[in-house]
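Open the model in your viewer and keep the selection tool at hand. This tour moves from single residues out to the whole chain.

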Amino acid sequence: MNTKLTSQQGEKKRILIIDDTAENIDILNSALKDTYRISVALNGQKALKIAASEKKPDLILLDVMMPGMDGYEVIERLKSDKISNGIPVIFITAMSEIEDEQKGFSLGAVDYIAKPFSIPIVTERVKTHIALKEYSDHLEDLVNQKTIELQKTNEAYERFVPKALIRYLKDDIISVQLGDAIEQNFHILFSDMRGFSAISEKFSPKEVMAFINSYLKVIAPIVKKHNGFIITYIGDAIMAAFPGDVTDIIECAVEMQDSLAKLNYDRILNNDIPIDIGIGINSGACMLGIIGEKDRLEGAIMSDVVNLSARVESLTKYYKTSVLLTHNTMDTIGNLEEFKRKYSVRIIDKVRVVGKTETVILYELLLDEKNNEKLLQSEQYEKAFNLYCAGHIQEAYDIFLKLHETNSKDYCLVIFIQRCEKLFDYDENNKISQVVLPEKFDGTTTLHAK
């Protein structure tokens, strides 16, 4: 055992003697002063002040029978104070009955020496308990250090596997195992940068990495801010899950586009190409869990809900829109009228996406002033859309054309105008002669491209 009696700064260890008898103090002081720095307190109040001071003792020698505050009360108050409760206390007292000794130990003393005492016994007991205290402090420092290291390691792991994902599966990342999974409803957001390949062609690989990270530094924290967590990055793309209210994912999409606008303002000032992203949102039951093999695990979320959100995001390019939602997400809205007072949305299409058989109704989230015309036209657009789905193609066509005259930048109008025209038969004068509808026509369009 290490019995070094000095601190790391070379100072002697400090001993506090608490006794109201001068003779006892003189004997103990003479025996210990060459090895330790000695402080003396003649009563409990002074002792407590010394024990709570900046230069608190490393060990206390305490008498029991003292006027005012006896030794038992002194040790109780020492042990109740977090500043002094770790200081070892040795009772040195004339109270030598077994029950006295038992009481001393029950109050937290590390040793009990009866008077009249033997100086060699006192010095050896003091030396032993100073060494034990130093060893205990060393172990505590090691534990604290290892705790900090473990915390940092867990924080590092959580940068690769989201804490929110782990929280759904186990209490901590150490307990996570391959195959851990849970089924739950999530709102899924998939975002992707448009024209990334063209942008990256102008950069070196190192510059591409820096470019993506500068973009994600702005966009990714918004997900966490709105109670979501990122499942994975796929280059410049983000897939995120939102377990809470649908407004979380909507607010996230709005802020992502707003932050992108601010980022692009700076990019344009620096003569850089502005960035454009599409966002697809879908909702439903997903399986959240751990996939991989024993030496390489990864958090994942799997479901047709996820696949469809990716397909919907890709359709933002087709419709030239920023944010698209599915009917699955719209169906999770509790109060639709209140939702529409806060957010501007319009129905835009009914489709079957590539690789899927179900019909998906798509809604566009209208974000800023450039969509004001779309918002003003949304009632007429929905009327025309419903007429189209009901097979009243001519009436729908007339409304779409009229809307396009006012807002030629709305590409959804162009799409429906072209669809209507494909359903017309024309006479020799290139006039519409009739509408030819496919069997079981309900307005659904099957899209063959991703």
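Select alanine 47 and show what surrounds it. Setting aside neighbours within four places in sequence, alanine 47 is in contact with Leu16, Ile18 and Ala41. The model you are looking at is predicted. Alanine 47 belongs to helix 2, which covers residues 44–51. Is alanine 47 buried or exposed? Its relative accessibility is 1%. Buried means under 20%, so alanine 47 counts as buried.

In sequence, alanine 47 and leucine 62 are 15 residues apart. In space, their C-alpha atoms are 9.5 Å apart.

Next, go to histidine 226. Look for the loop between helix 8 (205–225) and strand 7 (229–234); histidine 226 is found there. Which residues touch histidine 226, leaving aside those within four places in sequence? They are Phe242, Asp248, Glu251, Cys252 and Glu255. Histidine 226 has a relative accessibility of 12% and counts as buried.

Move on to arginine 419. Select helix 15, residues 411–422, and arginine 419 is in it. Show side chains here. The side chain of arginine 419 makes a polar contact with the side chain of aspartate 349, at 2.8 Å. Leave out neighbours within four places in sequence, and the contacts of arginine 419 are Tyr318, Tyr319, Asp349, Tyr388, Thr445 and Leu447. With a relative accessible area of 9%, arginine 419 is under the 20% cut-off, so it is buried.

Zoom out and colour by secondary structure. How many helices and strands does the protein have? There are 15 helices and 16 strands. The radius of gyration is 38 Å, well over the 22 Å that the globule rule gives for 450 residues, so the protein is more spread out than a compact globule. Turn the view along the principal axes: the C-alpha atoms fill a box of roughly 130 × 50 × 45 Å.

Show the surface. The accessible surface comes to about 24700 Å², and 50% of it belongs to carbon and sulfur atoms. Of the 450 residues, 44% are buried.

Colour by charge next. The protein has 54 positive and 68 negative side chains. The centres of these two sets lie 4 Å apart.

Finish with contacts across the chain. Take those between residues at least 6 apart in sequence: 62% of them join residues at least 24 apart.

Notes: Residues numbered from 1 in each chain as written. Predicted model: local features only at pLDDT ≥ 70, side-chain atom pairs only at ≥ 80, totals over all residues. Heavy atoms only, no water. Helix = DSSP H or I, 4+ residues; strand = E, 2+ residues; numbered from the N terminus. Rg over C-alpha atoms; globule rule 2.2 N^0.38 Å. Buried < 20%, exposed > 50% of the residue type's maximum accessible area, 1.4 Å probe, protein only. Contact = heavy atoms within 4.5 Å. Areas by Shrake-Rupley, 256 points an atom, 1.4 Å probe, with all protein chains shown as cover. Lys, Arg positive; Asp, Glu negative; His and termini not counted. Charge placed at Lys NZ, Arg CZ, Asp CG, Glu CD. Polar contact = N/O pair within 3.5 Å; in protein donor to acceptor, adjacent residues only side chain to side chain.
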